[in-house]
2 protein chains.
Amino acid sequence: MSDKRRSTRRRRGSEQPTLQQVADAAGVSAITVSRALNAPERVNAATRVKVLATVERLGYVPNLVAGSLASARSRFIAVIVPSLANAVFIEVIHGLQETFEREGYQILLGNTDYDIEREYQLIRTFLGWSCSALVTAGLRHSEACRSLLTHWDKPIMEVMELGDALDLNVGLDHHEAGRCMARHLLAQQYRSVVYVGACLDRDYRARMRFEGHREVLHAAGLEAPMIELDQLGSLDAGASGLERVLSRYPSADAIHFANDDLATGALLRAQRLGMTIPGDIAIAGFNGLPLGQHVTPRLTTIRSPRENMGRLAAEEVLKRLDAKRVTRRRHDVGFELLVGDST
Amino acid sequence: MSDKRRSTRRRRGSEQPTLQQVADAAGVSAITVSRALNAPERVNAATRVKVLATVERLGYVPNLVAGSLASARSRFIAVIVPSLANAVFIEVIHGLQETFEREGYQILLGNTDYDIEREYQLIRTFLGWSCSALVTAGLRHSEACRSLLTHWDKPIMEVMELGDALDLNVGLDHHEAGRCMARHLLAQQYRSVVYVGACLDRDYRARMRFEGHREVLHAAGLEAPMIELDQLGSLDAGASGLERVLSRYPSADAIHFANDDLATGALLRAQRLGMTIPGDIAIAGFNGLPLGQHVTPRLTTIRSPRENMGRLAAEEVLKRLDAKRVTRRRHDVGFELLVGDST
DNA sequence: CGCTACCATGTTAGCGCTAACATAGTTTTA
DNA sequence: TAAAACTATGTTAGCGCTAACATGGTAGCG
């Protein structure tokens, strides 16, 4: 009976109408309203129309918290990235968001600031929200995090890099990307190439690229000097990176930057200093951001399919959620050397 | 009695331990565990230690969905922005996130893509999550959205612009910013100034700046021509904006762009075309993004305190949530004319 | 010493919804 | 035409947690 008396204890009574009130007003049971909203094909058309009209009339807004508790699942997807300052992650998020929202999922966004402990905390919290899936950037997690996740039974997608993933994996081979750019620089006859990165302990994908780069240089019998900046990718950092290279390796003929922000910052600073690129020094980046294609000379870089990576990751997760279809676990999205005029 | 028999009906049994299981293991009642976790000062120190040790031992992760339902509030803050492609919103979000996360709130991020109908849908969904507060970019909402929000009793913060807000308001005066830049351009003796914006019906704050700009030019007895691009702020759009100005207003001596992305795109294109800035044409932007300060010549623009805006907005919301202290409803964060070398 | 005040913990009753099972009516099938 | 199958809707019992009230113990106080 819908009108059973409340106990004498008051509970916070929000003014919002509840499912039961809609049901009473429409002359049906609560479950019918629930079905009209969540599985319309399971109620008779006439009933459905009547119910939805009542929903509209009362301004009913479903309490998703209650629904999630009852069904033990929410339409949340946890998405964890190491930074929002980097356009790369923004684009990946955009791809994810677009795809997930179309299917009625809401992204719960977490930012670790490249801190693996924070990632653990965030994941703990997000699991408490009964997320339907988790998308996280990268394969490296704390021990505690790993054990938490191996006991979790929902889809886990690790994006950005390829490797030994917990579950699903969409990304590219950063070692190989580093090698690719180093080979290009050697082919252009540069022989004194400095790698410049920022916070490589935290941005370990940049370190992987450096390792690929170093392999190629060593194989060619060359040194592979490296400078590590203590400020994460930004134009400013790139500018100071250029200056550090100039003072520490005056004979350098090329700089391989860990990303486009750094490379562009350096390129713009070089111009301000009146230097010629690539005459005085060559500059290469990584990511293929639009910015690098607008400066003159156009930046040589490696384009990663960022939005696509997000979209593909989301699609794979959705496939799993939908039908538990077995999907390919690992997808290499590849990359592309973009030869500009800066090398 | 904790061990009361389940009905014969099976429910999905997640493997996760529940509060009750922790309570049993620790030899206390469920509410004591709840308090040990959420209001530690309300339980005896010895009990607290015992309970927390049990929590740790069992790997208990609180079910936040259940907690929210029971308490009719979640530690979610709904944040709604029109775009993620624009660095401005990213920085505002960053400021919000930093401040809210420190107090244990989680941001629920929604992206309207400058669509006021989508904003309504997002807000509806978010209210269903019992958010503790709503932060939204801008003062313009659909009629339905307004009426939904006026009946909502939690803090509402509208950021970016100042005006007739629903509740709290942190932002700056875009009309005045437009006027400010126009005055600067006139003071520099430019007399044929074109305003270039993108999608001004959706990015109505850019239109407000244009209106301020136009007022000043008209007051000086000048025309105020305007070009509207159909691609939202990007370097590409800026480059094509420059070309459209050159072909349509060959005698223009200055361009006032709606934002820094457009302005920088134009500046870089002008350089590629071999033009001199500001000799051949002056260029001004809006936002004060780092990019504009790295190009040569440095971009003349207006700096808005973006992260600060986010931080301040979050702090004001928190004040309200904390103690229901009466707070100033409107905060003008101001802006600053940044005179570079491009005008 | 009896009273109030307060502290620590417990009991009870939902929060608003949906899964699982139940039921009545209708159509299909052999 | 009776059994089987399906359709539309309803009943019941929680999901896991916390608010509100309850209780028993200890301290404070004139």
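Analyst: The answer below begins with the interface and then turns to single helices, residues and backbone features.

The model is predicted, so local features need pLDDT of at least 70 and side-chain atom pairs count only at pLDDT 80 or more, while totals for chains, interfaces and linings use all residues; side-chain values use heavy atoms, with hydrogens and water left out. Residues are numbered from 1 along each chain as its sequence is written, and chains are lettered from A and ligands numbered from 1 in the order in which they are written.

At the interface, 48 residues of chain A are in contact with 49 residues of chain B, contact meaning heavy atoms within 4.5 Å. Together the two chains bury about 4,400 Å², and 59% of this lies on carbon and sulfur atoms. Buried area here is the accessible area (1.4 Å probe) that two parts lose on being put together, summed over both. Of the area that chain A buries against chain B, 17% is supplied by Trp129(A), Arg272(A) and His294(A), more than any other three residues give.

The interface of chain A and chain B also holds 2 salt bridges, each defined as a side-chain nitrogen of Lys or Arg within 4 Å of a carboxyl oxygen of Asp or Glu. One of them joins Arg118(A) to Glu101(B), with the closest N and O atoms 2.5 Å apart.

Several elements give two or more residues to the side of chain A that touches chain B, among them helix H4 (64-71), helix H5 (87-102), strand E2 (106-111) and helix H6 (116-127) of chain A. Helices (H or I, at least four residues) and strands (E, at least two) are DSSP runs, numbered from the N terminus. H4(A) provides the largest share of this side, 7 residues. By class, the side of chain A that touches chain B consists of 25 nonpolar, 14 polar and 9 charged residues. In this scheme Ala, Val, Leu, Ile, Met, Phe, Trp, Tyr, Cys and Pro are nonpolar, Asp, Glu, Lys and Arg are charged, and the others, Gly among them, are polar.

On the side of chain B, Asp236(B) belongs to helix H10 (residues 235-248). Not counting residues up to four places away in sequence, Asp236(B) touches His294(A) and Gln231(B). Asp236(B) is partly exposed, at a relative accessible area of 44%; buried means under 20% of that area, exposed over 50%, and partly exposed in between (1.4 Å probe, protein chains only).

In helix H1 (residues 19-26) of chain A, the buried residues are Val22(A), Ala23(A) and Ala26(A). They lie on the same side of H1(A), because their arc around the axis is only 100°; the arc is that of the directions from the helix axis to the C-beta atoms. These residues pack against helix H2 (30-38) and helix H3 (45-58) of chain A. In chain B, helix H2 (residues 30-38) buries Thr32(B), Val33(B) and Ala36(B). These fall within an arc of 100° seen down the axis, so they line one face of H2(B). Their packing partners are helix H1 (19-26) and helix H3 (45-58) of chain B.

Two buried side chains in chain A deserve a look. Glu161(A), in strand E4 (residues 156-161), has a relative accessible area of 3% and is buried. Its side chain makes a polar contact of 2.9 Å with the side chain of Tyr204(A). Thr300(A) is in the loop between H12 and strand E10 (301-303) of chain A and is buried, at 0%. The side chains of Thr300(A) and Thr343(A) are in polar contact at 2.8 Å.

The peptide bond from Thr296(A) to Pro297(A) is cis, with omega about 0°, and Pro297(A) lies in the loop between H12 and E10 of chain A. Another cis bond runs from Ile277(A) to Pro278(A).

Definitions and conventions. A polar contact is a pair of N or O atoms within 3.5 Å; within protein, one must be able to donate a hydrogen and the other to accept it, and residues adjacent in sequence count only if both atoms are side-chain atoms.
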